[in-house]
Amino acid sequence: MISKLILRSTLSLLAFLVINSVHAEQGVTDTEIKIGMSTPLTGPVGAYGKEMRDAINNHFNLVNADGGIYGRKLKLVTLDDGYETERTVENTKKLIHDEKVFGLVGYYGSSPTTAAMQVFSAAKIPLVGSVSGAGSLRDPVNPYMFNVRASYKDETRAIVDLLVTMGLKRIGVFYQNDGFGKSGLDGVTEALKKYNLAPEVVGSVERNSMEVGPAIAKMAQTRPQAVIMVTLYKTTAEFVRKMKKAELNPVYMSLSPISADLLEAELGEDARGIGISQVMPYPWNSILPVNKEIKRAAELNNKLFKASYYGSEGYLNAKILVYALKKAGKNLTVEKFVGALNEMHNVDMGGFFVNYSPANHNSSNFIELTVIGLKGQILR
């Protein structure tokens, strides 16, 4: 009798261990869900990563203050990659294998995220949101890569349509020589074909470099009517300053990763009139529900509130991730989380609509064209 009781107890214990091992998911405990982020916190674009990290933390803290996700508190583990591809890949490995995160959020850059995608997709760890509109993250659909912003094709098409409508047909391109810049250049080239046009002149610069002289020399030879800049704010500021010194004054247009407020802070009065395509709702619209929430979350965390496109993007990345975590249910698994994301059809995030399916991981094609005004305001 005793031996039978021992046997039953042993079998019950084994069954308990097996059941619970099946449901034990990496990065998930009874009290916590751990999320990883690799982003530039230092270097020429460190300000971008800090804005996004802070906005994500603000939303996580808002959720945690309300009890978390079924009693589990969200924890963000952030590693600095300096906008370098190799460091992003190494950070992704550390986050997955050392930190044991459940998922990833808010990466930065086309080349870094594309390289990291090989790591996190092999490990079956999902990423929600990257500051990149590159086709390499969209086609073919990766089951673990969920894009939040519109593509560079969407942005460049809107810019080219505007310029041609204005009667400007001699359009140059100044691009960053990496996945981001090349994707933007391809988008401009494709958009111009619709009008039987091609780029008038093309100049490039290496990532994290200020060596814009060779590109300006090319612009001086052809003097384009407009230049579409597929670069980030410090390089763009250097380019515009030196173009003006060379007495070259085309219409300037740029893509959303540039960050309008940082560009204006860098260029001052010289930023006036630069057009920028945006992929997030206008952050200064005080009526928009998500903007009200972003402000409330900042105030809850005793942060001085400053509206910005990067802050909005980081916050929306976090909000989408949290929505899917809740929909996945109490017994959280990656499979349920990915399934919840794939079922987000026209979901309103407070003025920004999200659409995913197993065949489409491009949440949005929202584009709005803006311009830097007389006193540095971002006008639309």
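**Figure 1. The largest pocket of the predicted model.** The largest pocket of this predicted model has a volume of about 340 Å³. Its lining is made up of 18 residues, of which Glu-51, Asn-58, Leu-304, Lys-306 and Gly-311 are the closest to the centre of the pocket. Two or more residues of the lining are given by each of the elements α2 (46-65), α10 (289-300) and α11, and the largest share, five residues, is that of α2. Divided by class, the residues that line the largest pocket are eight nonpolar, five polar and five charged.

**Figure 2. The largest cavity.** Rolling a probe the size of a water molecule over the atoms shows where empty space is left. In this model the count comes to three cavities of 30 Å³ or more, and the largest cavity has a volume of about 60 Å³. The residues that line the largest cavity are Arg-149, Ser-256, Pro-257, Gln-278, Val-279, Met-280, Tyr-309, Tyr-310 and Glu-313. Helix α11 (residues 309-328) supplies three residues, the largest share of this lining, and helix α11 also gives two or more residues to the lining of the largest pocket. By class, five residues of the lining of the largest cavity are nonpolar, two are polar and two are charged.

**Figure 3. The second largest cavity.** Five nonpolar, three polar and two charged residues make up the lining of the second largest cavity when it is sorted by class.

Figure 4. An α-helix has 3.6 residues a turn, so residues three or four places apart point the same way. Just after α9, Gly-268 takes a positive phi of about 65 degrees.

**Figure 5. The loop that holds Gly-27, and its neighbours.** Gly-27 lies in the loop between α1 (2-23) and β1 (32-39). Because its relative accessibility is 16%, under the 20% cut-off, Gly-27 counts as buried. When residues up to four places away in sequence are not counted, Gly-27 touches Glu-32, Ile-33, Lys-34, Lys-100, Val-101 and Phe-102. Between the C-alpha atoms of Gly-27 and Lys-75, which are 48 residues apart along the chain, the separation is 9.6 Å.

Figure 6. Most residues other than glycine have a negative phi, and most peptide bonds are trans. Lys-100, one of the residues that Gly-27 touches, is not a glycine and has a positive phi near 60 degrees. Lys-100 sits in the loop between α3 (85-98) and β3 (103-108), and because its relative accessibility is 42%, it counts as partly exposed. Asn-196, which is likewise not a glycine, has a positive phi of about 55 degrees and is placed in the loop between α6 (179-193) and β7 (202-205). At 75% relative accessibility, a value over the 50% cut-off, Asn-196 counts as exposed. The peptide bond that joins Asp-139 and Pro-140 is cis, with omega at about 0 degrees, and Pro-140 is found in the loop between β4 (127-131) and β5 (145-146).

**Figure 7. The whole chain, as a setting for the close-up views.** The protein chain has 12 helices and 14 strands. Its radius of gyration is 23 Å, close to the 21 Å that the globule rule gives for 380 residues, so the protein chain is as compact as a globular protein of that length. The C-alpha trace spans about 100 × 40 × 35 Å along its principal axes. Of the 380 residues, 54% count as buried, and the chain exposes about 16,600 Å², of which carbon and sulfur atoms supply 53%. Among the contacts with a separation of 6 or more, 69% are accounted for by residues 24 or more positions apart.

Terms used:
Residues numbered from 1 in each chain as written. Predicted model: local features only at pLDDT ≥ 70, side-chain atom pairs only at ≥ 80, totals over all residues. Heavy atoms only, no water. 1 Å grid on protein atoms, 1.4 Å probe; cavity = no way out; pocket = protein on both sides within 12 Å on 5 of 7 lines; lining within 4 Å. Points joined across faces, edges and corners; volume = space filled by probe spheres on them. Helix = DSSP H or I, 4+ residues; strand = E, 2+ residues; numbered from the N terminus. Nonpolar A, V, L, I, M, F, W, Y, C, P; charged D, E, K, R; others polar. Rg over C-alpha atoms; globule rule 2.2 N^0.38 Å. Buried < 20%, exposed > 50% of the residue type's maximum accessible area, 1.4 Å probe, protein only. Contact = heavy atoms within 4.5 Å. Areas by Shrake-Rupley, 256 points an atom, 1.4 Å probe, with all protein chains shown as cover.
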